[in-house]
Amino acid sequence: MPSNTKISLNPGALEAAVLKLINSVNEQGQLPALLEIYIESNEIEKSRFTPEVKAAMIDYLLDRGVQIDDIDKLKKGGYDEHFALAYDYALSTAGGEEDPLDAARRKGGGRGFGQWDFTVDHFDDVEEQGVVKENILAAGALDYIFEFGERLGVFRLVDALVLNWAAGSIDVVEGPAAARLYRYWKLREERASLDERGMVYRRVLNKGSTEVLSRMVVNEPFPLLWRNLMAEVAEYIDKTEKVDDGAGEFSPVSRSRIYQATRELQYNLTEYCTGMAHVQAREFYAQLQECFEILKDDEIMSYFGGNRRKSLWTVIEKLSKEEFGASPNIAAHRSLAVDGNRIFQWIANYNEAAVRQEDFIAFLQAAESYILNFTSASDQEIDEYAEEDDFEFADEDDDF
């Protein structure tokens, strides 16, 4: 029965209403069932097919005399153009967008002036528009690369390691380690330079101090928006600890300011992490992974890791002391890279209408760890903007 059908119980009215309903069902025939087949195809989100929309679509198809007599064709995507036009029509009539003049132009006035119930748009979903998840995730990958590759100094450490190996200072002559070192050496001219990487960090995240090209737009607002989010997290945690009387993870403190700060970062990163940044993020990450593979190679770890503990992090610690005269706070830098990336994932996936408690708690934990480690990493970080010439590969013809 159509959702807008009302039956009067007044004398003589019931029979007429039933006859009208029977005529309507006969007129519609199999269209309701065929419409359900189209809905199941998932061309359009199922939740959008309200009873009003379905009724308007059936009216549209009946008005135009659309014949759908091949169910197999329908299941394979046939007749989609008719249903799509019917859906557009249904949205316009349900939303009050059908001009009565348009209805008047149709032969016989069409099916009337639409089904609008005079409900107006409050624009509640405008905030959700214009967010591109992939842009935010790409920005998060660039931040991860920046923290590990530049601030912890992994790129320059491997540059120095390969340079020393090429000069004969490191006795690795064969096996997987030698193959990795040689590959890195041979492809040195094809990889992005420090300045090229630096311009991408500036453009997308406004991190570092690299000079950018005249046409590049730097993401000036990002650092402040990021600090705002971290400040809101810190305040939320502080208030929660003060008012929590057995409430556990379900804090009575409002999350609205955290949600607002998250939305602002969604829009910002959607706007700025565009163009070639996605490709560059993939390239830089592949190089970072190659650097890690070299540093954690068994032979390299045996050379630098000492006898007691051998790991990627001990190699970075010892090599940093040898090359730069200082050992970075590795735990703090790992937190900035890993927990920072978890925060970017929260931003990318954020949807206030579907925030799960476990996701929010995981975000808070990552943000709290990031905040606690930020100062430690900043105080002891390797200067990622040391002169690149200090670690620049020599030409193949130069003597070592």
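**Charges on a predicted model**

Asp171, Glu174, Asp298 and Glu299 gather in a surface patch of negative charge. This is a predicted model, where local features need pLDDT of at least 70 and side-chain atom pairs count only at pLDDT 80 or more, while totals for chains, interfaces and linings use all residues. Residues are numbered from 1 along each chain as its sequence is written, and side-chain values use heavy atoms, with hydrogens and water left out.

Colleague: Why is Glu174 called exposed?
Modeller: Its relative accessible area is 60%. Exposed means over 50%, buried under 20%, partly exposed in between (1.4 Å probe, protein chains only). So Glu174 counts as exposed. Glu174 lies in the loop between helix H8 (154-166) and helix H9 (176-186).

Colleague: What makes Arg183 and Glu290 a salt bridge?
Modeller: Their N to O distance is 3.0 Å. A salt bridge needs a side-chain nitrogen of Lys or Arg within 4 Å of a carboxyl oxygen of Asp or Glu. The pair therefore qualifies. Arg183 is in helix H9 and Glu290 in helix H13 (residues 277-295), 107 residues apart.

Colleague: Is Glu290 buried or exposed, and why?
Modeller: Glu290 has 15% relative accessibility, so it counts as buried.

Definitions and conventions. Patch = residues over 30% accessible without salt bridge, like charges linked within 9 Å, V, L, I, M, F, W, Y side chains within 5 Å. Areas by Shrake-Rupley, 256 points an atom, 1.4 Å probe, with all protein chains shown as cover. Lys, Arg positive; Asp, Glu negative; His and termini not counted. Charge placed at Lys NZ, Arg CZ, Asp CG, Glu CD. Helix = DSSP H or I, 4+ residues; strand = E, 2+ residues; numbered from the N terminus.
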